[in-house]
Amino acid sequence: MTGPVDERPPGGAEQPEPRRSGLRDPDKAVRGLGAGTLALEALVLLLAIQPIRVVGGDLSGTAVAAIVALAVACVVLAARMKRAWAWNAGTVLQGLLLLAGLLHWSLFALGIIFALVWAYALHVRRVILR
């Protein structure tokens, strides 16, 4: 019979506590989720201009300028996801897209869709980085 088993690794070094999420680098994964969401939003906004003009009726120059500005803001924020403020700015961006719905109803519809996607990304961020 042997004595009690020492569960520490050889050399007495303690192993770090395993991550709850199982991800090797959860911060990087969450940044990728945020950047991917914003990049997809920028792409959808830019690709939506022509279908909105054809199907949705009158799309003013102001509405097109707002769409382009929002898409550029999405790309800039996607590149800045390492910064802590970028998540808050992304939330504000979703609100601005909802406000752009005053220019055309389809922008409001896109705002609702992307606000829900962004809310889910924030939820995943909170769960992973807990």
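User: Among contacts between residues at least 6 apart in sequence, what percentage join residues at least 24 apart?
Analyst: That comes to 67%. Keep in mind that this is a predicted model.

User: OK, what's the confidence like, then? What's the mean pLDDT?
Analyst: The mean is 87, with 83% of the residues at 70 or more.

User: And which elements have the lowest and highest mean pLDDT?
Analyst: H1 has the lowest mean among the elements, at 93, while H3 has the highest, at 96.

User: Back up a bit. How many helices and strands are there?
Analyst: Four helices and zero strands. Reading from the N terminus, the order is α-α-α-α.

User: Now the inside. How many residues are in the largest nonpolar core?
Analyst: It has 27 residues, and Leu38, Leu45 and Met81 have the most contacts inside it. At least two core residues come from each of H1 (26-55), H2 (61-79), H3 (85-99) and H4 (105-128).

User: Which helix gives the largest share?
Analyst: H1 does, with eight residues of this core.

User: What does Leu38 touch, leaving out residues up to four places away in sequence?
Analyst: Leu38 touches Cys74, Leu77, Ala78, Met81, Leu93, Gln94 and Trp118. Met81 is also one of the residues with the most contacts inside the core.

How values were computed:
Residues numbered from 1 in each chain as written. Predicted model: local features only at pLDDT ≥ 70, side-chain atom pairs only at ≥ 80, totals over all residues. Heavy atoms only, no water. Core = buried A, V, L, I, M, F, W, Y, C linked by side-chain atoms within 4.5 Å. Buried < 20%, exposed > 50% of the residue type's maximum accessible area, 1.4 Å probe, protein only. Contact = heavy atoms within 4.5 Å. pLDDT = per-residue confidence, 0-100.
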